[in-house]
Amino acid sequence: MKRGLIRLITFAAGLILVVEYFWPGRPGDWLDVSRRNYLDFTAVVGAFGLGVGWYQLVHGHAVKLARLRKGWFHSLGFLLTVVAAIGLGIYTRGMSPEHKPGEFAGPWPQQAWSYMTWGLMNPLVASVFSLLAFYVASAAYRAFRIKNWEAALMMAAAIIVMLGQVPVGNALTYHLPRWGQLPVWKTWIMATINGSAQRALLFGMAVGAIATSLRLWLGLERGAFFERRL
Amino acid sequence: MEASGHATVGVFLVALFWTAAIIVNILRARAGRELFIRRIPGLTAVDEAAGRSTEMGRPIVYGLGLMGIHITTFASLAILQHIIRVTARLRTRMIVSVCEAPVYPIVEEVVRDTYRSVGEPEQFNADDVRYLPGGQFAWALATMGIIAREKAATCFYFGWYEAESLMLAETGFSVGAIQIAGTDQLHQIPFFVAACDYCVFGEEYFAASAYLSREPVMLGSLVGQDWSKILILTLILLGLISAQMVESGVWVHNPVRFLLDSWSWKHFWQILPRH
């Protein structure tokens, strides 16, 4: 009974979007309006998920702090930051219309919020992103080994593309005829060979995604969604 | 989640064939027909990787990726369930990290129900399904911290990944974990291939639930999917040829006469290299 009800609700929910997509209607008709209402409803339901997630997070850290478990000071820092960020965010309601990113002006709650967002959060994200360069170098050094002809071919293509992307590659070969210039080779590799392979992958992914969506919509996907018993 | 445009008649017909192909093959599978599916090394290694964690006495870390309620996440959940079924029997601890809030209650429910379905409800630990908010890099750093502190023996990365993919994989490598990754993100495939032991990408990612469960219905839908792919490839090829014909100006209103006319073919092959 429960499994049937789940399948029915899933099918009915998906049917709205499927009918709207295939029905030869016009923008603004009842199907279009239904779709927009449906998407708004989805956003509202998703917001409830936000509450559940935050409850679990705050509860877990609060318990750790209350019982002074190992690393309790991290939980204290987290809870204080959450209170400060949420409090300031609600008080300032984000940014005022005349406030520009990077400007630390206005009353003190607004300044504090700006410092927290533009002065702390954004630079931290940028710093972490910049670490990626070192990770790429480390992974490339470890992974790129010429063990066979395929690896050699890949290495050659990688060298051509990397040199073709940077001004050094252009400087090295600009005096050569067009067919010998690294940027031209790079463009050809990326557009012709790589582009074709990417399209093939995308094609397969799209086919797989549609098939998986169809299985979910029709209730054919097995698992805890539909209470499969082992 | 805005719908992108509206279907044309051609899209409707292809979708109709697609659905029919999947349903027909599901019915064939239910009737007992044996359906072949090729080996996917990354998915075959899932059981081995989970067993390694048990032997080493270290936990498994499962990253669900960045996306919220999306088909990529649902495909990842199907794989997560399979891994839980394997690890529950082996009594191996699994830590699941979630980035998006709307997904968190779904993941928690799926994990709890899967443990219950294998008769091990007491193994479910709500603290091991961790909601790690703060965006892409905050989630990635938190997950990297979990992998490093817990010294994970196995790391699974199935979902929507972006720039943080390599950072996660390198952290897993640094603690000596066996890593299996799967994503439908084209640009992260090279990073996962370089840094992980096994990689499942493209269509294989969405075929994972069918491959791991080996359920006839799921395999049937995979075969139906392949039939649809053949149809679309045929249409692409026909479209390519006819586009060449039209552009080269050798297309005539009577295609039968065109096919039989040797002069038209000679002209067609002369024009083709220019395009």
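The points below are grouped by topic.

The model is predicted. Chain B has 11 helices and six strands, and it is in contact with chain A through 66 of its residues, which meet 53 residues of chain A.

**Chain B overall**

- Of the 275 residues in chain B, 54% count as buried.
- When contacts in chain B between residues at least 6 apart in sequence are considered, 70% of them join residues at least 24 apart.

**The interface of chain B and chain A**

- About 5300 Å² is buried between chain B and chain A, and 72% of that area lies on carbon and sulfur atoms.
- Three residues, His6(B), Tyr131(B) and Leu186(B), supply 11% of the area that chain B buries against chain A, more than any other three residues.
- The rule finds one salt bridge across this interface. Glu170(B) forms a salt bridge with Arg142(A), and their closest N and O atoms are 2.7 Å apart.
- Helix H1 (residues 9–30) of chain B contributes eight residues to the side that touches chain A, the largest share.
- By class, this side of chain B is made up of 41 nonpolar, 14 polar and 11 charged residues.

**Helix H4 of chain B**

- Helix H4 of chain B runs over residues 104–117 and has 14 residues. The distance from its first C-alpha to its last is 20 Å, close to the 20 Å expected at 1.5 Å a residue.
- The buried residues in H4(B) are Tyr104(B), Val107(B), Glu108(B), Val110(B), Val111(B), Asp113(B), Thr114(B), Tyr115(B) and Ser117(B).
- Elements from both chains are included in what covers these buried residues: helix H2 (30–66) of chain A, and E1, helix H3 (71–90), E2 and E3 of chain B.
- Gly119(B) follows H4(B) and has a positive phi, near 80 degrees.

**Helix H5 of chain B**

- Helix H5 of chain B covers residues 136–150. Its 15 residues should span 21 Å at 1.5 Å a residue, and because its end C-alpha atoms are 21 Å apart, the two values agree.
- Buried in H5(B) are Phe137(B), Trp139(B), Ala140(B), Thr143(B), Met144(B), Gly145(B), Ile146(B) and Ile147(B).
- In chain A, the buried residues of H5(B) pack against helix H4 (108–143). In chain B, they pack against strands E1 (60–65), E2 (94–98), E3 (129–131) and E4 (154–160), and against helix H6 (165–174).

- Most residues other than glycine have a negative phi.
- Lys151(B) has a positive phi, near 50 degrees, and is a residue other than glycine. Lys151(B) follows H5(B) and lies in the loop between H5 and E4 of chain B.
- Leu68(A) is a residue other than glycine whose phi is also positive, near 50 degrees. Leu68(A) is in the loop between H2 and helix H3 (72–92) of chain A.
- Is Leu68(A) buried or exposed? Leu68(A) has a relative accessible area of 55%, so it counts as exposed, the cut-off being over 50%.

How values were computed:
Residues numbered from 1 in each chain as written. Chains lettered and ligands numbered in written order. Predicted model: local features only at pLDDT ≥ 70, side-chain atom pairs only at ≥ 80, totals over all residues. Heavy atoms only, no water. Helix = DSSP H or I, 4+ residues; strand = E, 2+ residues; numbered from the N terminus. Expected span 1.5 Å × (residues − 1). Buried < 20%, exposed > 50% of the residue type's maximum accessible area, 1.4 Å probe, protein only. Contact = heavy atoms within 4.5 Å. Buried area = accessible area lost by both parts, 1.4 Å probe. Salt bridge = Lys/Arg side-chain N within 4 Å of Asp/Glu carboxyl O. Nonpolar A, V, L, I, M, F, W, Y, C, P; charged D, E, K, R; others polar.
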